[in-house]
Amino acid sequence: VQLQASGGGLVQAGGSLRLVCAASGSIFRINDMGWYRQAPGKQRELVAAITSGGSTNYADFVKGRFTISRDNVKNTVYLQMNSLKPEDTAVYYCNADVQTAGDYAYGNYWGKGTQVTVAS
């Protein structure tokens, strides 16, 4: 199973970016999907998560600004980021709980990350 994230970049404060993460490989089902971020010198932290049924959970620091969504047919999760602030600068990672096809084993997978830089 591979997770490929894209959509990061450089944006001015107040701007928007949309991150996309597509899962591929031998997938039977994907349960929770989420986005995390890690700024230099800080620990990785949860940004937002979404269940297969569409229930969402957000970190307080992004509520009202970011929206997570997913397409279960495409095995893809999105993060729409609006009103970006310089403190949102970080590497953003996608994460998924996957049940693989064939053996039906459960595993947790990470994408490689995409850099988001917000200039003041």
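Tutor: Start with a term: a polar contact is a pair of N or O atoms within 3.5 Å; within protein, one must be able to donate a hydrogen and the other to accept it, and residues adjacent in sequence count only if both atoms are side-chain atoms. This is a predicted model: local features need pLDDT of at least 70, side-chain atom pairs count only at pLDDT 80 or more, and totals for chains, interfaces and linings use all residues. Residues are numbered from 1 along each chain as its sequence is written, and side-chain values use heavy atoms, with hydrogens and water left out.

Student: Which backbone oxygen lies 3.2 Å from a polar atom of the side chain of Arg 70?

Tutor: That of Thr 51. The Arg 70 side chain also makes a polar contact with the side chain of Asn 72, at 2.6 Å.

Student: Where does Arg 70 lie?

Tutor: In strand β7, residues 66–71. Strands (E, at least two residues) are DSSP runs, numbered from the N terminus.

Student: Is Arg 70 buried or exposed?

Tutor: Buried means under 20% relative accessible area, exposed over 50%, partly exposed in between (1.4 Å probe, protein chains only). Arg 70 is buried, yet it has no salt bridge. That term needs a side-chain nitrogen of Lys or Arg within 4 Å of a carboxyl oxygen of Asp or Glu.

Student: How many aromatic pairs does the structure hold?

Tutor: It holds 2. Rings of Phe, Tyr and Trp (its six-membered ring) pair if their centres lie within 6.5 Å; planes under 30 degrees apart count as stacked, over 60 as edge-to-face and the rest as tilted. For Phe 28 and Tyr 104, the centres are 4.9 Å apart and the planes stand at 90°, so this pair is edge-to-face. Phe 28 is in strand β4 (27–38) and Tyr 104 in the loop between β9 (90–100) and β10 (106–110), so the pair ties together parts 76 residues apart in sequence. Phe 28 counts as partly exposed, at 45% relative accessibility.

Student: What about Tyr 36 and Trp 110?

Tutor: They form an edge-to-face pair, 4.9 Å centre to centre, with 65° between the planes. Tyr 36 lies in β4 and Trp 110 in β10, so parts 74 residues apart in sequence are tied together.

Student: Which charged end sits over the ring of Trp 110?

Tutor: That of Arg 44, 4.6 Å from the ring centre. The rule: NZ of Lys or CZ of Arg is within 6 Å of the ring centre and within 35 degrees of the ring normal. The charged end of Arg 44 also sits over the ring of Tyr 93, 3.7 Å from its centre.

Terms used: Helix = DSSP H or I, 4+ residues; strand = E, 2+ residues; numbered from the N terminus. Lys, Arg positive; Asp, Glu negative; His and termini not counted.
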